[in-house]
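Good morning, and thank you for coming. Please look at the model on the screen while I go through its charged residues and its overall fold.

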Amino acid sequence: MAILPIIETPDPLLRQISTPVEAVTDETRALIADMFETMYAAPGIGLAAIQVGVPKRILVIDLQEPEEEGGEPVKKPLVFINPEIVRESEDHQLYNEGCLSVPDQFAEVERPAEIRARWLDENGTAHEEDLDGLLAVCLQHEMDHLEGILFIDHLSRLKRDMLLKKLAKARKLAA
Ligand code: K1U
Ligand code: ZN
């Protein structure tokens, strides 16, 4: 397994549309293992393959929520291959989103509160489930990556420009 470098904005690779996985193979599973290692090391709660330079429709998510208050987070790794949203609620929710490709910047994004999603897991088994809460937020954020969309694209031009200015300043200070 390996921790892979995460591509950051404004790398044009992040704007590429990812292609469907034709067959779930050992090679797919090796990439998924590397994606989990990369996501946990970052740390993050989700990662799309394009963020490590692979334009395939593969996502990993682990919300790392504590099992009980004050407890250690229990690992609940989830794999989404070729995910599709088949239904979305009319009611929306706001969440203060971040992105490993837009480091240390956060902004509120509005998305459908509940979705019905369909996907394959790492064994090629099909799933269809209703999702809500942070999992629905995170899956929609990661699915945007498959279309070359970043969370900052959901902001007004003013908010996006302010956030990108903050990012440029932080990078300058760190250099
Ligand atoms: O870059 C990514 O796509 C991962 C991103 C996922 C995400 C976060 C918040 C809302 C929607 C999608 C992140 O993981 S950013 C880092 C982060 O939120 C986090 C990191 C450690 C612990 C808890 C959260
Ligand atoms: Zn992201």
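In which loop does Glu 90 lie? Glu 90 is found in the loop between β3 (78-88) and β4 (92-99); helices (H or I, at least four residues) and strands (E, at least two) are DSSP runs, numbered from the N terminus. Glu 90 counts as exposed because its relative accessibility is 79%; buried means under 20% relative accessible area, exposed over 50%, and partly exposed in between (1.4 Å probe, protein chains only). Pro 112 is 22 residues from Glu 90 in sequence, and their C-alpha atoms are 6.5 Å apart in space.

A word on conventions. This is a predicted model, in which local features need pLDDT of at least 70 and side-chain atom pairs count only at pLDDT 80 or more, while totals for chains, interfaces and linings use all residues. Residues are numbered from 1 along each chain as its sequence is written, chains are lettered from A and ligands numbered from 1 in the order in which they are written, and side-chain values use heavy atoms, with hydrogens and water left out.

Next, the fold. The protein chain has three helices and seven strands, in the order α-β-β-β-β-β-β-β-α-α along the sequence. Of its 175 residues, 39% count as buried.

I turn to the salt bridges. A search of the whole structure finds eleven, a salt bridge being a side-chain nitrogen of Lys or Arg within 4 Å of a carboxyl oxygen of Asp or Glu. One of them joins Asp 153 and Arg 15, at 2.6 Å from N to O. This pair links distant parts of the chain, 138 residues apart: Asp 153 is in the loop between α2 and α3 (157-174), and Arg 15 in the segment before α1 (26-41).

Another joins Arg 118 and Glu 84, with the closest N and O atoms 4.0 Å apart. Arg 118 belongs to strand β6 (residues 114-120) and Glu 84 to strand β3, so the pair ties together parts 34 residues apart in sequence. A network of salt bridges links Glu 84, Arg 87, Arg 116, Arg 118, Glu 128 and Asp 130.

Finally, which side chain of opposite charge is nearest to Glu 142? That is Arg 111, 8.5 Å away, and Glu 142 is buried yet has no salt bridge; here Lys and Arg count as positive and Asp and Glu as negative, with His and the chain ends not counted. Glu 142 lies in helix α2 (residues 133-146). A polar atom of the Glu 142 side chain lies 3.4 Å from the backbone nitrogen of Ala 48.

Conventions:
Polar contact = N/O pair within 3.5 Å; in protein donor to acceptor, adjacent residues only side chain to side chain.
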